[in-house]
Every structure is written in structure tokens, then in C-alpha cells.
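Welcome, and please open your viewer. Keep the selection panel handy, and we will go from stop to stop together.

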2 protein chains.
Amino acid sequence: MLQRLLFNTAQPVPIKDMPLFAGLAESERDSLLKEGRFCSCPRKKILFRQGDPVTHFYVVCSGTVRLFHETPDGCEITTDIFTVGDTICEMEIFQFCNAHFSHAEAVHDVVLIEFPKLWLEEKIQQHKMILRNMLTVLARRTILREAEVERQATMSALQLVACFLQHMVVAHDLDARGFELPYSKSLIATRLGMELETFSRSWSKLRGIGIAVKGKNVQINNPSAVEQHVCGRCSFMEHCRV
Amino acid sequence: MLQRLLFNTAQPVPIKDMPLFAGLAESERDSLLKEGRFCSCPRKKILFRQGDPVTHFYVVCSGTVRLFHETPDGCEITTDIFTVGDTICEMEIFQFCNAHFSHAEAVHDVVLIEFPKLWLEEKIQQHKMILRNMLTVLARRTILREAEVERQATMSALQLVACFLQHMVVAHDLDARGFELPYSKSLIATRLGMELETFSRSWSKLRGIGIAVKGKNVQINNPSAVEQHVCGRCSFMEHCRV
DNA sequence: CGATCGTTTGATCCGCATCAAGATAGGTGG
DNA sequence: CCACCTATCTTGATGCGGATCAAACGATCG
């Protein structure tokens with residue numbers, strides 16, 4: 001059943017793609033996962049809300065989860081989009097936050113495994129491998145965040161979109177020569193911190209650097225041209241394969 | 001000598017302010033620190049450069065260190081400003097990066113303790129307290145970064161400056177009714193991701209919400225007015241004391 | 001077939017970057 | 001002590017990118 005749920009998704013999850021369990025034997029990983037409780041969450045449902053007490057740690061088995069903040073004046077910022085293998089809430093737990101600082105919402109139907117937050121505290125003490133992985137996950141999150149700040153500060157909307165598409169191809173293992181966007185354009189726009197209109201207007205300009213978009217379908221015809229157009233701005237990641 | 005260097009700074013360092021050693025007895029902390037090597041770094045000197053191999057882990061004893069990225073087209077982004085008690089390079093180490101992705105430069109004359117990067121790996125295995133603190137430090141960094149992304153996305157230049165000044169008062173334990181900026185305006189501007197001109201122009205508008213600036217001197221006359229002007233945008237931190 | 005959701009396109013406006021020129025202050029040497 | 005210099009900051013004028021408001025368009029669905 002565990003295997004079925006973990007692997008019977010659109011994209012199978014190789015063990016290397018569960019960062020928290022990297023380097024563990026498959027059997028060992030599965031027995032750890034069995035200590036948690038499955039829970040499913042239909043599309044659009046809120047998993048937890050900003051301000052709710054932090055009680056669990058989650059591993060995503062399938063589907064997509066969106067984390068977002070809501071400012072008092074009603075503006076929403078999507079801060080993360082999580083898919084298979086990602087972990088949720090480790091930051092709140094290690095920072096001793098007793099309340100969530102983001103809302104979490106299911107974008108597509110989601111299945112996740114939940115663990116009491118104490119479980120995580122125990123595992124990092126017991127398993128050196130889990131500890132090491134946890135540190136790497138946290139470090140990685142910070143680095144990605146830093147890259148994001150840098151991009152937001154130096155890149156135009158056009159470049160942000162091009163960069164996002166490139167990253168998506170890698171992260172979702174898509175064929176650059178023709179693929180479907182895995183989620184809605186509005187979601188991507190909020191993730192990139194821009195208005196839907198601005199996002200939409202970028203298509204015509206993107207054609208200029210060899211990216212054709214029609215509906216949900218995207219074709220990146222000339223990856224190197226894109227690279228060249230964007231790379232002048234996207235600097236430091238090259239020093240660190242993440 | 002250790003004590004002198006650690007405490008003979010403009011602002012003494014209470015043990016609570018060294019996040020990596022929080023909860024340790026003073027003696028225990030000092031004996032750990034003695035395993036490192038002191039090294040001093042005069043103003044303007046580069047501690048390490050983007051792309052340099054990662055060899056050490058650092059704890060700041062005094063002075064101010066600026067981390068910044070440099071994009072291929074020459075634009076500089078200040079990503080962090082570190083002072084007494086802060087740790088540098090844990091992210092690179094835990095992410096197994098073999099090259100620095102930031103430049104590090106001494107803003108004021110700096111004294112730091114350096115440890116081989118293996119030292120850090122060993123200590124987190126040996127000391128449960130250090131491990132716990134390390135996780136907290138990493139989680140905290142990520143959260144602060146996230147807050148930064150949110151601020152950059154939702155706040156105007158004016159609000160960013162007001163917010164920064166408020167944070168600085170808390171972080172440096174200053175008297176809001178009248179204090180000197182601890183570093184240059186240009187540095188602050190690059191840290192806030194805005195041009196010096198924009199930063200400069202904010203003074204006149206800040207007067208409108210009760211903040212008077214003359215040279216390096218700042219007076220926040222009406223903290224609650226500032227709070228009100230900014231808080232509508234600065235949301236999620238209230239759920240998490242960091 | 002209308003209704004709703006998600007997206008595109010158009011027109012306008014504002015904030016910040018940019019370029020350019022002055023102002024202030026700290027430091028040095030005569 | 002003053003003249004000069006350089007670093008740092010302020011102020012002014014202008015232009016562009018993206019937000020905002022508004023309306024049309026296309027798909028999906030009951």
C-alpha cells in the first residue's frame with residue numbers, strides 16, 4: 001500500500017528524490033514512513049492556516065501543495081509549491097514556532113504522510129543519516145530563497161518567467177521541446193511575485209527568445225538563447241549545484 | 001584573551017546572543033571556541049570571494065561582515081550583514097558546496113574565529129545542543145529570508161526603510177528616540193535592494209510618519225505611527241518570534 | 001445556452017531607476 | 001588654520017517597467 005501510494009503517481013518517485021531519506025535503503029525508508037499516518041486532502045482544501053498551532057511534520061506523497069502568506073491588507077504571496085518527496089513544516093519545528101506562518105492549500109488532490117512533530121526531533125537524534133539530510137534540506141531551502149531574492153532584485157519580469165520555465169523543465173523532468181504547464185498560470189504568477197497581466201504579457205516577448213506558449217503548452221526552441229538572455233543576471237547558483 | 005576579544009567590543013556579547021552556543025555553560029562554550037583560530041581582517045578586506053573553495057566555518061567576534069553577490073553584469077547585491085555572534089558558511093558546508101557563492105567583505109575591522117569545516121560536522125554529531133542550535137540557526141535564516149521576499153514583494157521603498165530602521169533598533173539594542181546608524185547609507189541601500197538615491201529620498205517622506213534623519217543620526221519619535229504605517233504589509237512574523 | 005473561471009489585451013498611472021549636478025563632511029598637506 | 005580633495009550623500013529631471021483598472025475572449029460545465 002505504501003509502495004502503491006508512493007509510486008502510483010504521475011511521476012514515480014525515485015528514492016533520490018526524497019531528500020530527507022536520501023542514502024537510506026529502500027526498506028529502511030519505507031519502515032520509517034510507515035510510522036506516519038496517511039492523510040489525503042482534496043483540491044482547494046486548506047491543510048493548515050497561518051496562525052494555527054504547529055502539530056505535525058509532513059511528507060508529500062502525491063499532488064501539489066501551495067504555501068502562501070496573507071498580508072493584513074488581503075494580498076497573497078505564494079512562497080512555495082511542493083510536490084512529491086518534499087517535506088513541510090521542518091522550519092517551524094526547528095525554530096520552535098508554535099504557530100504556522102503560512103497557509104497551506106492543496107492545488108491538486110494531495111496525499112501526504114504526517115508525523116507528530118516530536119517524531120522528527122527523535123529521528124534526527126537517532127539516525128545520523130536523517131540528521132545530515134535534514135541539515136542539507138534546510139541549507140538548500142535557504143540557498144534557494146537567497147537565489148530568489150537575487151533574481152527578484154535584478155531580473156525583469158520577462159527574465160523571471162524564462163528562468164522559471166527553465167527551472168520547471170529540470171525540476172519536473174519535462175521535455176523542453178514541448179510540455180504542458182503543471183499548474184495554472186495564475187499560480188505561477190503569484191509564485192513569481194508578479195500580476196497575472198504582467199505574466200500574460202510576457203508571452204509575446206518570450207517568442208523573441210525562442211519560447212512559444214499556446215494555452216498550457218510551452219515549447220522552448222532555443223535553450224541556449226534563453227540561457228544567454230537570462231544568465232547575465234542569474235549568477236551565483238553556478239557555484240553550487242542545488 | 002578569549003574573554004577579552006569576545007567581550008571587549010563596543011557591544012558586549014551576552015551568551016544568549018551566540019545562537020550556535022545557546023544553552024551551553026559559558027566555560028563549555030569558551031573551550032569550544034578555543035579549538036578555533038583567531039583571525040583578523042581589516043576594513044574593506046575581502047575575507048573570501050565568490051567561487052573560492054569552502055574551507056572554514058567562521059564565528060564573528062567583533063566588527064561587521066558584509067556578504068554580497070556579484071552578477072556577471074557587475075551588479076552587487078548585499079545579502080547579509082553579520083555582526084558579533086553570527087556564524088558564516090554553515091549553509092555552504094551543509095549543502096556540500098565546494099565553492100562560496102558570495103563574496104565576504106569586512107565593513108569595519110573584524111575579528112573572527114575560524115574552524116576547519118570538518119570541525120563543524122564533528123561537533124553536531126557529538127553535541128546534541130550544538131546540533132539543535134545549528135538546526136535552529138538554519139531554520140531561522142530561511143524564515144528571515146522568506147520574510148525578506150515577502151517584504152520586497154509587498155512594500156514600497158518608504159516602508160522598507162521604516163521597517164529596516166525598526167529592526168535595527170531591536171537588533172542593535174538602540175534607543176529609538178535618537179541613535180547613530182551603525183553603517184553607511186550606501187550599504188543599507190544595497191541591503192534593501194534599492195538605489196542610494198531612492199533611499200535618500202525617503203527621508204523627507206519618513207518625516208511624515210515621525211522619523212527624523214539628519215546625517216547619521218536618526219530619531220523615531222512615534223513608533224506606533226511607524227508600526228501602523230508598515231504593519232499592514234509585514235504580516236507573518238508575528239506568528240513566530242525570531 | 002448562459003454562466004463561470006481562467007486568461008488575454010488595452011489604456012493609464014505611479015514608483016523607482018537612471019543620469020546628472022550640487023552639497024556636506026572628513027581627511028591631508030601646505 | 002585654511003585650501004584642497006575625495007568619499008559620501010542629497011536633490012533635480014526624465015524615462016521605463018510593471019501595477020492597476022477595465023473589458024473582451026476562450027474554454028469548460030451544468
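The tour below starts at the DNA and then moves into the protein.

**Before you click**

This is a predicted model, in which local features need pLDDT of at least 70 and side-chain atom pairs count only at pLDDT 80 or more, while totals for chains, interfaces and linings use all residues. Residues are numbered from 1 along each chain as its sequence is written, chains are lettered from A and ligands numbered from 1 in the order in which they are written, and side-chain values use heavy atoms, with hydrogens and water left out.

**Stop 1: DNA strand C**

Select DNA strand C and the 16 residues around it, that is, those with a heavy atom within 4 Å of the strand. A:Lys185, A:Ser186, A:Ser200, B:Ala157 and B:Thr198 come nearest. By class, you will find 4 nonpolar, 6 polar and 6 charged residues here; Ala, Val, Leu, Ile, Met, Phe, Trp, Tyr, Cys and Pro count as nonpolar, Asp, Glu, Lys and Arg as charged, and the others, Gly among them, as polar.

Now colour the helices (DSSP runs of H or I, at least four residues). Which helix gives the largest share of this surface? It is α8(A), with 5 residues.

Next, zoom in on individual atoms.

**Stop 2: a hairpin in chain B**

Select residues 65-70 and 76-82 of chain B: these are β4 and β5, strands being DSSP runs of E, at least two residues long. They pair in the antiparallel sense over 6 bridges, where pairing takes at least two DSSP bridges. One bridge joins B:Phe68 to B:Thr78. Between the strands are 5 residues, and B:Gly74 takes a positive phi near 95°. In β5(B), 6 of the 7 residues are buried, so the strand is largely enclosed by the rest of the structure; buried means under 20% relative accessible area (1.4 Å probe, protein chains only).

**Stop 3: B:Thr64**

Pick B:Thr64, in the loop between β3 (56-62) and β4 of chain B. Is B:Thr64 buried or exposed? It is buried, with a relative accessible area of 6%. Show the side chain of B:His108 too: a polar contact of 2.8 Å joins it to that of B:Thr64 (N or O atoms within 3.5 Å, one able to donate a hydrogen and the other to accept it; residues adjacent in sequence count only if both atoms are side-chain atoms).

Terms used
Buried means under 20% relative accessible area, exposed over 50%, partly exposed in between (1.4 Å probe, protein chains only).
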